[in-house]
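I opened my notebook to look up a few things in this structure. My notes follow in the order I checked them.

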Amino acid sequence: MTNETFKLIRLYSGMSQRAFAKHIGVSHGTVSLIEANYRPVSEYVRAKVAEKFDLNDDFLKYIEKYRKLSQV
């Protein structure tokens, strides 16, 4: 999981960084550092995200749309 995908999961879920951190069981600082590309997404954080979110087709379409828009 890339840092960008991590952030997109949070945005797709409509949560603030604080709410997302609480939901997955990590600190707000961890979320902030990952999203700012100062820290990679660790295996521990990946496992926490996978445990809490169903990354379905709608989410994958959201990522595809985001990437297309960011290339403009």
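Where is Tyr-12 found? I found Tyr-12 in helix 1. A helix here is a DSSP run of H or I with at least four residues, a strand is a run of E with at least two, and both are numbered from the N terminus.

Before going on, I noted that this is a predicted model, where local features need pLDDT of at least 70, side-chain atom pairs count only at pLDDT 80 or more, and totals for chains, interfaces and linings use all residues. Residues are numbered from 1 along each chain as its sequence is written, and side-chain values use heavy atoms, with hydrogens and water left out.

**Entry: Tyr-12**

I looked up how open Tyr-12 is. Tyr-12 is partly exposed, with a relative accessible area of 36%. The scale calls a residue buried under 20% relative accessible area, exposed over 50%, and partly exposed in between, using a 1.4 Å probe and protein chains only.

Next I checked its contacts (heavy atoms within 4.5 Å). Leaving out neighbours within four places in sequence, Tyr-12 touches Asn-56, Asp-58, Phe-59 and Tyr-62. I took a second look at Tyr-62. Tyr-12 and Tyr-62 are 50 residues apart in sequence, yet their C-alpha atoms are 7.6 Å apart in space.

Two packed helices are described by the angle between their axes and the distance between the axes. The axes are lines fitted to C-alpha atoms, for helices over the stretch in contact, and angles run from 0 to 180 degrees between N-to-C directions.

Helix 1 covers residues 3-13 and helix 2 covers residues 17-24. Their angle is about 105°, and their axes are 10 Å apart. That makes the two helices roughly perpendicular. The cut-offs are under 35 degrees for roughly parallel, over 145 for roughly antiparallel, 65 to 115 for roughly perpendicular, and oblique for the rest.

Which residues meet? From helix 1 I listed Phe-6, Ile-9, Arg-10 and Ser-13, and from helix 2 Gln-17, Phe-20 and Ile-24. The residues of this contact divide into four nonpolar, two polar and one charged. Ala, Val, Leu, Ile, Met, Phe, Trp, Tyr, Cys and Pro count as nonpolar, Asp, Glu, Lys and Arg as charged, and the others, Gly among them, as polar.

**Entry: aromatic rings**

How many aromatic pairs does the structure hold? I noted three. Rings of Phe, Tyr and Trp (its six-membered ring) pair if their centres lie within 6.5 Å; planes under 30 degrees apart are stacked, over 60 edge-to-face, and the rest tilted.

One of the pairs is Phe-6 with Phe-20. This pair is edge-to-face, with 5.3 Å centre to centre and 80° between the planes. Phe-6 lies in helix 1 and Phe-20 in helix 2, so the pair ties together parts 14 residues apart in sequence. Phe-6 is buried at 0% relative accessible area. Phe-20 is buried too, at 0%. I also noted one aromatic cluster, formed by Phe-6, Phe-20 and Phe-53.

**Entry: salt bridges**

A salt bridge needs a side-chain nitrogen of Lys or Arg within 4 Å of a carboxyl oxygen of Asp or Glu. By this rule I get two.

Arg-10 forms a salt bridge with Glu-35, and the closest N and O atoms are 2.5 Å apart. The pair links distant parts of the chain, with Arg-10 in helix 1 and Glu-35 in helix 3 (residues 28-35), 25 residues apart. Both Arg-10 and Glu-35 are buried. For Arg-10 the relative accessible area is 10%.

Glu-43 forms a salt bridge with Arg-46, and here the closest N and O atoms are 2.5 Å apart. The two are three residues apart in helix 4 (residues 43-52), so about one helical turn separates them. Is Glu-43 buried or exposed? Glu-43 is exposed, at 57%, while Arg-46 is partly exposed, at 25%.

**Entry: helix 2 against helix 4**

I checked this packing last. The angle between helix 2 and helix 4 is about 90°, and their axes are 9 Å apart. They are therefore roughly perpendicular to each other. Phe-20, His-23 and Ile-24 in helix 2 meet Val-45, Lys-48, Val-49 and Lys-52 in helix 4. I sorted the residues of this contact into four nonpolar, one polar and two charged.
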